[in-house]
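Let us walk through this model step by step. Keep the sequence and the 3D view side by side.

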Amino acid sequence: MKGKGGNVGSRFPLSFWEVGAASSVVLGFVLCLLGVYLTMPASDYSFLKLPRTLEDLQILRDHLETYTIDYTAQVLVGYCVVYIFMQTFMIPGTVFMSLLAGALFGVLKGVALVVFTATAGASSCYFLSKLIGRPLVFSLWPDKLSFFQEQVARRRGGLLNYMLFLRLTPTLPNTFINVASPIVDVPYHIFFLATLIGLIPAAYVTVKAGIALGELQSIGDLYDFNSIATLFLIGIISITPTLMSKSKS
């Protein structure tokens, strides 16, 4: 019996209650989107789908430009709900949403919108993971989680600088940081500040590219060598105080 129970747990690590909690969150997002849909005029909304290619994104941008002028509040709320939902449940494609923010709202408003929604979505993922994520993370990324836990334990004194470094550089995926941080005991205030500040440079690069969406040939064009080198430089600067304090001690 024990072996049988272990096999079931290894196939699906979440309990019935945990699945119910996650389903409740999904239902909340669906109700928000339904509320937005009901306040929009009758029309053909078949173009509304998560963009997976630049072509999909350009079609979505072309259709939403008119609605953004006449139904700004609904477009903003719908955008925020979709972005936060994607971040909460680690759905790939938020880079397209960041490009869309630039195409629809410009650089300043776009960056503010992306940083807000990305931080809110990361926070939602953090708390959902704190509630039900432990078995899932241990099942999916045991080695990566052990590495992250060790690094966090070693850098307790300068944890904010280390988290900033992770957010600024592609050392660890942002989705993994979101879901693993509560499990390795990263305090929420540090997680929040590192996310809010650390996502600004990458958000600026992506949103700015969204303004000239037609000139973008591929997602790979977003992060050329200069962009990545700049992000790493900013990241190294962010952990310099921690390195200096350790050398003095």
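A pocket here is an open set of grid points with protein on both sides within 12 Å along at least five of seven lines, and its lining residues have an atom within 4 Å of a point. Keep in mind that the model is predicted.

Which residues lie nearest the centre of the largest pocket? They are Thr 94, Asn 174, Leu 199, Ala 202 and Tyr 223, out of 31 lining residues. The volume of this pocket is about 750 Å³. H4 (72-88), H5 (94-105), H6 (107-132), H9, H10 (174-180), H12 (200-211) and H13 (225-248) each give at least two residues to the lining. By class, the lining holds 20 nonpolar, 10 polar and 1 charged residues.

Now turn to the second largest pocket. Its volume is about 590 Å³. It has 26 lining residues, and Leu 33, Leu 48, Gly 78, Tyr 79 and Val 82 lie nearest its centre. Helices H2 (16-38), H3 (54-70), H4 and H5 each contribute at least two residues to this lining. H4 provides the largest share, with 7 residues. The class count is 23 nonpolar, 2 polar and 1 charged.

Next, look at a helix pair. Two packed helices are described by the angle between their axes and the distance between the axes. For H8 (residues 142-154) and H9 (residues 159-168), the axes come within 9 Å and cross at roughly 140°. Angles over 145 degrees would count as roughly antiparallel. H8 and H9 are therefore oblique to each other. On the H8 side, Phe 148, Gln 151 and Val 152 make the contact; on the H9 side, Leu 159, Tyr 162, Met 163 and Leu 166 do. That contact has 6 nonpolar residues, 1 polar residue and no charged ones.

Finally, compare the model with the record. An unreviewed UniProt entry lists residues 20-40, 76-105, 111-129, 164-184, 190-213 and 225-244 under "transmembrane region". Take two of these spans. Residues 111-129 are 100% helix and 0% strand, with end C-alpha atoms 26 Å apart. Residues 190-213 are 88% helix and 0% strand, and their end C-alpha atoms lie 34 Å apart.

Terms used:
Residues numbered from 1 in each chain as written. Predicted model: local features only at pLDDT ≥ 70, side-chain atom pairs only at ≥ 80, totals over all residues. Heavy atoms only, no water. UniProt positions renumbered as here; feature names shortened; annotations may be inferred. Helix = DSSP H or I, 4+ residues; strand = E, 2+ residues; numbered from the N terminus. Axes fitted to C-alpha atoms, helices over the stretch in contact; angles between N-to-C directions. Parallel < 35°, antiparallel > 145°, perpendicular 65-115°, else oblique. Contact = heavy atoms within 4.5 Å. Nonpolar A, V, L, I, M, F, W, Y, C, P; charged D, E, K, R; others polar. 1 Å grid on protein atoms, 1.4 Å probe; cavity = no way out; pocket = protein on both sides within 12 Å on 5 of 7 lines; lining within 4 Å. Points joined across faces, edges and corners; volume = space filled by probe spheres on them.
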